[in-house]
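Colleague: I would like to understand the terms used for this model. Could you take me through them one at a time?

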Amino acid sequence: MQALIVYESMYGNTREIAEAIAEGVHEAQPDASVRCLPVAQADLDLTRTADLLVVGGPTHMHGMSSGLSRRMAVKAEAGKDGHREQAHEAATTAEGPGLRTWFRSLPDTEPGTHAAAFDTRADIKHSGGAADGIARRLTQHHYDLTTEPEGFIVEESDGPLRAGELERAKSWGAQLV
Ligand SMILES: Cc1cc2nc3c(=O)[nH]c(=O)nc-3n(C[C@H](O)[C@H](O)[C@H](O)COP(=O)(O)O)c2cc1C
């Protein structure tokens, strides 16, 4: 079994969730090959061999990130005291493709390939979520969603993740296989 987890992350929170999901998949299925990659490194050829594709990103403006929201995310972090790492990750992510671009070149899959979508989002009224848009795109490429899209909560826009979310992500990953 080959599992591929692809994520987009400006400040590192979605990356941490993706890594926890990968850990959960690995623990549930120790003989599986599990790869967890940022979208810029998620070569589309790797998707062809995956039996399970899990895709996640940050919620921006109620949905998936866009070129504009990614630039806003970089700007919001630049120059904040003590946030050098987040600012660096945001700038690096913004240089590469976002999930919207990546999905445009994703090949359709063979019927029966499993997939799941997740996002990170704030605990605010009308937060929206990127996971629904991700799930829709997976379905358009003929992936079979094994579970409902899931959101994981950040306390502030640039994190940290809410206590317990990494453990929840690990369990969510484990039930995908
Ligand atoms: C430009 C921008 C727009 C955002 N819009 C929303 C939003 O509509 N709803 C929400 O819940 N969170 C919103 N957020 C907060 C993000 O969801 C949060 O930054 C993200 O989950 C952090 O993940 P990351 O560290 O992987 O980038 C926004 C953040 C940015 C930078």
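Colleague: What covers the buried residues of α6?

Modeller: First, a caution: this is a predicted model. The cover over the buried residues of α6 includes β3 (52-58), α5 (99-105), β4, β5 (144-145) and β6.

Colleague: Which residues of helix α6 are buried?

Modeller: Helix α6 spans residues 131-140, and its buried residues are A131, G133, I134, A135, R137 and L138. After α6 comes H142, with a positive phi near 75°.

Colleague: Why is N13 called buried?

Modeller: Count C-beta atoms. A residue is buried if 20 or more others lie within 10 Å of its own. N13 has 27 such neighbours inside 10 Å, so N13 counts as buried.

Colleague: Where is N13, and what is N13 in contact with?

Modeller: N13 sits in helix α1. Leaving aside neighbours within four places in sequence, its contacts are T120, V154, G159 and L161. Now take D158, which is 145 residues away from N13 along the chain. The C-alpha atoms of N13 and D158 are separated by 7.6 Å.

Colleague: Where does I153 lie, and what does I153 touch?

Modeller: I153 is in strand β6, residues 150-154. Residues up to four places away in sequence are not counted; I153 then touches R121, D123, R162 and E165. D119 is 34 residues from I153 along the chain, and their C-alpha atoms are separated by 8.6 Å.

Colleague: What makes α3 roughly antiparallel to α4?

Modeller: Look at the angle. The axes of α3 and helix α4 (residues 84-95) cross at roughly 160° and come within 9 Å. Angles over 145 degrees count as roughly antiparallel, so α3 is roughly antiparallel to α4. The contact joins R70, R71, A73, V74 and E77 of α3 to Q86, A87, A90, A91 and A94 of α4. By class, the residues of this contact are 6 nonpolar, 1 polar and 3 charged.

Colleague: Which hand does the crossing of α3 and α4 have, left or right?

Modeller: α3 passes α4 in a left-handed crossing.

Colleague: Which residues meet where α1 packs on α7?

Modeller: On the α1 side, they include E16, I17, A20 and I21. On the α7 side, they include E165, L166, A169 and W172. The contact of α1 with α7 has 10 nonpolar, 3 polar and 5 charged residues.

Colleague: How many residues surround the ligand, and which are the closest?

Modeller: There are 25, and the closest are Y11, N13, T14, T120 and S127. Elements giving two or more residues to this shell are α1 (13-28), α3 (67-77) and β4 (114-122). The largest share, 4 residues, comes from α3. By class, the shell has 10 nonpolar, 13 polar and 2 charged residues.

Notes: Residues numbered from 1 in each chain as written. Predicted model: local features only at pLDDT ≥ 70, side-chain atom pairs only at ≥ 80, totals over all residues. Near = placed C-beta within 6 Å. Nonpolar A, V, L, I, M, F, W, Y, C, P; charged D, E, K, R; others polar. Contact = placed C-beta atoms within 7 Å. Axes fitted to C-alpha atoms, helices over the stretch in contact; angles between N-to-C directions. Parallel < 35°, antiparallel > 145°, perpendicular 65-115°, else oblique. Left-handed = near helix turned anticlockwise from the far one by under 90°. Buried ≥ 20, exposed ≤ 12 C-beta atoms within 10 Å, placed from the backbone.
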